[in-house]
Amino acid sequence: GRGRAGVMALSGLVDVYCAPDAAPDDRDRALRDIQASVRASSAALLRLVPALESQLTSMDGHVRRRGAEVLSAAVRAADLAAVEPQASRHFVKFFCDRLDDLPCIPAALEGLEALVRAPRAGVDEVRQVSAALFGRLHVPALAREDRLAAYRLATAVVDGRGALL
C-alpha cells in the first residue's frame, strides 16, 4: 500500500544521500526532499526508520554517520507535536545510544536537541537525555563544533525543564 511506496521513495533518497560517491548537490537535494516529506506528514518520519535500517546498522562508520544525519535532519524538520510520545521515546533512546558511536555524535546531539525542545517532550525523556549527555560524553574532549552542539543540548535540557529534573 501507500506505506510501502513511501518507504521505497524514502529509501531511494536515503541511498542518494548515503552514497559515498554522491555529488554534494545531489546529497543536499536528497536531504531537502526527505525533510519536505517529513514536514508534509509526520508518518513519513516513521516510514524513514525502516528505509535507514542498513545505514544505521552498517559496520562502516561513514555510512552510520550519514544515516544518523538523515534521521537527525528529519527529526528537526518534523512537527514533533504530531509524533506519538512512544515514537519520540524511541528516537530519544536511539540518539542517546548514538552518543557512544563517535561518527554519529554530531547528528545525535542535534536530534536530541530537537526532541528535548519539542512541545511534548516528557520529563523522563529529558532526564534520559541529561544522563546520557553528562554520563556518556566527555564534552571538553569533543571537537569545537560538537562541544557547541553539546552545550546547546545542555541549554535545551535546562530551558523550561530544569525545575523538573
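Start with the second largest pocket, which has a volume of about 150 Å³. Keep in mind as you click around that this is a predicted model.

**Stop 1: the second largest pocket**

Select Ser88, Leu115, Arg120, Ala121 and Gly122; of the 15 residues lining this pocket, these lie nearest its centre. Now colour by helix. Helix 6 (85-98), helix 7 and helix 8 (123-136) each put at least two residues into the lining. The largest share belongs to helix 6, with four residues. If you switch to colouring by residue class, the lining of the second largest pocket splits into nine nonpolar, two polar and four charged.

**Stop 2: the largest pocket**

Next, move over to the largest pocket, with a volume of about 200 Å³. Pick Pro106, Ala107, Glu110, Glu145 and Asp146, the closest to its centre among the 15 residues of the lining. Which helices each supply at least two residues of this lining? They are helix 5 (61-77), helix 7 and helix 9. Helix 5 gives the largest share, five residues. By class, the lining of the largest pocket divides into seven nonpolar, one polar and seven charged.

**Stop 3: helix 7 against helix 9**

Keep helix 7 (residues 105-117) and helix 9 (residues 144-158) on screen and hide the rest. Their axes are 9 Å apart, and the two helices pack at an angle of about 20°. Helix 7 and helix 9 are therefore roughly parallel to each other. Helix 7 makes a left-handed crossing as it passes helix 9.

For the contact itself, show side chains on both partners:

- From helix 7, select Pro106, Leu109, Leu112, Glu113, Val116 and Arg117.
- From helix 9, select Asp146, Ala149, Ala150, Arg152, Leu153, Thr155, Ala156 and Val157, which the helix 7 set meets.

This contact counts nine nonpolar residues, one polar and four charged. While you're here, look again at Pro106 and Asp146: both are in the helix 7 to helix 9 contact, and both are also among the residues closest to the centre of the largest pocket.

**Stop 4: helix 2 against helix 3**

Last, jump to helix 2 (residues 24-40) and helix 3 (residues 42-51). How do their axes run? They come within 4 Å and cross at roughly 130°. That makes helix 2 oblique to helix 3.

Note on methods:
Residues are numbered from 1 along each chain as its sequence is written. This is a predicted model: local features need pLDDT of at least 70, side-chain atom pairs count only at pLDDT 80 or more; totals for chains, interfaces and linings use all residues. Side-chain values use heavy atoms; hydrogens and water are left out. Axes are lines fitted to C-alpha atoms, for helices over the stretch in contact, and angles run from 0 to 180 degrees between N-to-C directions. Angles under 35 degrees count as roughly parallel, over 145 as roughly antiparallel, 65 to 115 as roughly perpendicular and the rest as oblique. A crossing is left-handed if the near helix is turned anticlockwise from the far one by less than a right angle, and right-handed if clockwise. Contact means heavy atoms within 4.5 Å. Ala, Val, Leu, Ile, Met, Phe, Trp, Tyr, Cys and Pro count as nonpolar, Asp, Glu, Lys and Arg as charged, and the others, Gly among them, as polar. On a 1 Å grid over the protein atoms alone, a cavity is a set of points where a 1.4 Å probe fits but cannot get out, and a pocket is an open set with protein on both sides within 12 Å along at least five of seven lines; lining residues have an atom within 4 Å of a point. Grid points are joined across faces, edges and corners, and a volume is the space filled by probe spheres set on the points.
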